[in-house]
Amino acid sequence: MSKHPRAAAVVVLVAVFMTNLDLLIVNVALPAMGEDFSAGGGAAGLGSLSWVLNAYAITFAALLVVAGRAGDRIGQRPVFLAGIAVFTLASLGCALAPNLGTLIVARVVQAVGASAQIPTSLALLLAAVPAERRTQATRGWAGVGGLAAAAGPVAGGLLTEVDWRWVFAVNLPIGIAALVVGRSALPKPAARETGPLPDLLGALLVIVSIASLAGALVQAPDQGWTSGETLLLLAVAVIGGAAFVLRSLRHPRPLFELDLLRLPRFGAANAGSLLFGVAFSIMLLSNVLWCQEVWDWSALRTGLALAPGPALVPVVTVLTTRAAQRFGQGPLIAAGGVLFAGGMVWFAIFASVTPDYVSELLPSQLLTGAGVGLALGTLVAAGVHAVPGHRAATGSALVNSVRQISATIGVAVLVAVVGSHVDATSHHDFRVVWYTAAALSLVTSAVGARLSRGRGQDPERTGPAAPKVAEVTGRALPQTS
């Protein structure tokens, strides 16, 4: 246990808050980045800007397991502190980026730092506090995601009003303080594993495959769906994905243990997470673009307008905890999917180029926020609970990586439909993506119904008891990159 448990807990929670907050505020700042880089003579259409989000999500998804295993081998403390240092330095690189390409590279480095922090953060927190306070500490760790989700849109709006570069610069004093205090306050739990790291080539194949798929989708509106470059990227995505699957099935320490997907409930929960994650990502970025590019609202006004949805998520999650225990996860997932779809359909029907927040966007925000609170975290719980106890951590890593991949696909689908340049004439295209998100959400509800029918059919827990969901999910609340 740490000699300074309170200071250690604060360091961990602040670092986790920083990485969670960074996800949402970057979405709000994206249009301002486009204006800045376009004014500088660079090409900054939506397709190019989408890589500010996607580069982060893809890298994080590919390295999450590797970083977690590195923490077990080297020690949680050095990997966590290294993650903070890398994330902070990369944030400086983002803030000073002279062009879009440099910003994207810095975002990749940011993701490397985040992937080192998240898997090690909870282990350090639990090692820092007395045994009788570990449940409380775990709840606090899980609640950080909710606080970041609620604060993200408003913080992003405020910082972008000054300059979008402050979205990244704000991480510098936080990261430096966490490093200074963490070096003296964090505990030093012993390394728990020996042996090789997971399949690093597999991680590279994930990055290449998902990046190629996203690249094909975002450039297709400009280059054409049958252009040579688009078809080549699609081919690389398919070949890379197939190579990854084959390698994972044969490798002694695969990046993702894909055989877990053969478990019916685990496979269904991950399919639901993928579908709902795509819908969530579409909703989040499309709302930002609609408010700023169609309604011509400022970043601050956009952030305030979008705050009710994320703020409602942790409230709904807490209020429905007993319902999940009583009725199972399936009904909550099904209800959440229906509510989310209702919010998307509402906005698709009533949104107009003339802003009317109370009758158009606010009802959609409340419905989708309630839907996310019911469905997204419950899908993670369903996935984690559907694997044997001794493989719960492995299963949770796969669940979290699927969520990051779904965020990338969602952004790419949005760009493929809306195109690289968004304005008031894009009304029809936005309706298409909103209805698409609604349809994906309804399919997620069907997954929830299937999980309801299969309740009680989880695999036998032959290993140690599975940890609580908050202890293995890596991120307690929805996110997009």
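1. Which residues does S248 touch, not counting residues up to four places away in sequence? They are P254, F256 and L258. Contact here means heavy atoms within 4.5 Å. S248 lies in helix α9 (residues 228-250). S248 is buried, at 6% relative accessible area. Buried means under 20% relative accessible area, exposed over 50%, partly exposed in between (1.4 Å probe, protein chains only).

2. On the basis of the model: it is predicted, local features need pLDDT of at least 70, side-chain atom pairs count only at pLDDT 80 or more, and totals for chains, interfaces and linings use all residues. Residues are numbered from 1 along each chain as its sequence is written, and side-chain values use heavy atoms, with hydrogens and water left out.

3. Overall fold. The chain has 18 helices and zero strands. Both are DSSP runs, numbered from the N terminus: helices are H or I, at least four residues, and strands are E, at least two. Of the 481 residues, 56% are buried. Among contacts between residues at least 6 apart in sequence, 86% join residues at least 24 apart.

4. Aromatic pairs. The count is 15. Rings of Phe, Tyr and Trp (its six-membered ring) pair if their centres lie within 6.5 Å; planes under 30 degrees apart count as stacked, over 60 as edge-to-face and the rest as tilted. W290 and W434 are edge-to-face, because their ring centres are 5.2 Å apart and their planes stand at 65 degrees. This pair links distant parts of the chain, 144 residues apart: W290 is in helix α10 (residues 264-294) and W434 in helix α17 (residues 427-453). W290 is buried at 0% relative accessible area, and W434 is buried at 0% too.

5. A tilted pair. W295 and W297 have ring centres 4.9 Å apart and planes at 50 degrees, so they count as tilted. Both are buried. Ring pairs join W290, W295, W297, F347, Y357, F430 and W434 into a cluster.

6. Helix packing. The axes of α10 and helix α14 (residues 329-350) come within 12 Å and cross at roughly 25 degrees. Axes are lines fitted to C-alpha atoms, for helices over the stretch in contact, with angles from 0 to 180 degrees between N-to-C directions. The two helices are therefore roughly parallel (angles under 35 degrees; over 145 is roughly antiparallel, 65 to 115 roughly perpendicular, the rest oblique). Residues meeting across α10 and α14 include W290 in α10 and F347 in α14.
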